[in-house]
Amino acid sequence: METLNTYLAGLFAGVPDTAATRKAKADLLDLMTDHYHEELALGKSEAEAIGAAITAVGSIDEVLAALDIDPAEPQKSPQSDANDAIDEESAERYWRANIRYALSLGAGVAFCILSIALAAAFGLQDSTIAAVMFFLALGIGVAAIITSAIGIKPERQRIAHRPLAKATKKLANEKLENYHQAYTIGILVGILCCLFSVIPPIVMNAIANEELGAPLMIGMIALGVFYLVYVQTISNGYKRLANQPIAD
């Protein structure tokens, strides 16, 4: 699945390229592909199956921990750690970059799913236009995912394996706690969009316009997946710093 491959490329963008992490990435792709096919077997649409496979993946730290992979580079000495601690300004810069990354990544995944809806909608009129719209939306989605991965990579490398100043640790915990409500609402909205995506086909059938039912359903799924990816990515950004050690 090209969408799953592209998503994993963005997920592993900030991880050192080693034999262990390459194997982890390949194993994760197999797991996501299996999950995708399981969702299809349950009667889910292709877009729903892709969304389920993507949202089933946690943060990159959780993924590597689950696969028993430690990509960390050799740790610095306590003295250099203290001198290289992440201050509040650096943390805020990373979080701003992570929000842009979350928006771009979520939009990219949503556009990849929307490509199916556009192909279905325009296919009712002209198959050539449908193909153009499909590849256009898919291209925008893939470009957004790749661009987001490239943009966040230097920011992640800048904070990688560095401890936090005490004030930064406190700020990171506060950010994570304060975001909990927005995170919960975003996850709820995303799930509801996916669950209620069955309503448009029912409504369209009732008003004798069933051709638009499937595109609208996929559109709602794309919106739901956007919310799920967006809030999860932002939450992971706060967790990334909140879980790092304090400088000696």
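How many helices and how many strands make up the secondary structure of the protein chain?

## Overall fold

In this predicted model, the secondary structure of the protein chain comes to 10 helices and zero strands, and its pattern along the sequence reads α-α-α-α-α-α-α-α-α-α. Among the contacts of the chain with a separation of 6 or more, 82% join residues 24 or more positions apart. Of the 248 residues, 42% count as buried, while the accessible surface comes to about 12,600 Å², with 61% of that area belonging to carbon and sulfur atoms.

## Confidence

The mean pLDDT of the protein chain is 81, and 77% of its residues reach 70 or more. Confidence is highest in helix 8, at a mean of 93, and lowest in helix 5 (residues 78–83), at 51. Over residues 71–80 the pLDDT stays under 50, and the model has 12 contacts beyond four places in sequence for this stretch.

## Helix 7

Helix 7 covers residues 127–159, and its 33 residues reach 48 Å from the first C-alpha to the last, close to the 48 Å expected at 1.5 Å a residue. Ile152 is itself buried, as are other residues of helix 7, including Ala137, Gly141, Ala144, Ile145, Ser148, Glu155 and Arg156. Just after the helix, His161 takes a positive phi of about 60 degrees.

## Helix 8

The 30 residues of helix 8 should span 44 Å at 1.5 Å a residue, and the 43 Å between its end C-alpha atoms agrees with that expectation. Helix 8 also contains a kink of about 40 degrees, centred on His180. Its buried residues include Thr168, Lys169, Leu171, Ala172, Tyr179 and the glycines Gly186 and Gly190, and helix 6 and helix 10 are among the elements that cover the buried residues of this helix.

## The nonpolar core

The largest nonpolar core has 39 residues, and those with the most contacts inside it are Trp95, Val109 and Leu241. The elements that give two or more residues to this core are helix 2 (19–41), helix 3 (46–55), helix 6 (88–122), helix 7, helix 8 (166–195) and helix 10 (213–242).

Which residues does Trp95 contact, leaving aside its neighbours within four places in sequence? Its partners are Leu171, Ala172, Lys175, Gly237, Tyr238 and Leu241.

Key: Residues numbered from 1 in each chain as written. Predicted model: local features only at pLDDT ≥ 70, side-chain atom pairs only at ≥ 80, totals over all residues. Heavy atoms only, no water. Helix = DSSP H or I, 4+ residues; strand = E, 2+ residues; numbered from the N terminus. Expected span 1.5 Å × (residues − 1). Buried < 20%, exposed > 50% of the residue type's maximum accessible area, 1.4 Å probe, protein only. Core = buried A, V, L, I, M, F, W, Y, C linked by side-chain atoms within 4.5 Å. Contact = heavy atoms within 4.5 Å. Areas by Shrake-Rupley, 256 points an atom, 1.4 Å probe, with all protein chains shown as cover. pLDDT = per-residue confidence, 0-100. Bend = angle between axes of the 7 residues up to and from the residue.
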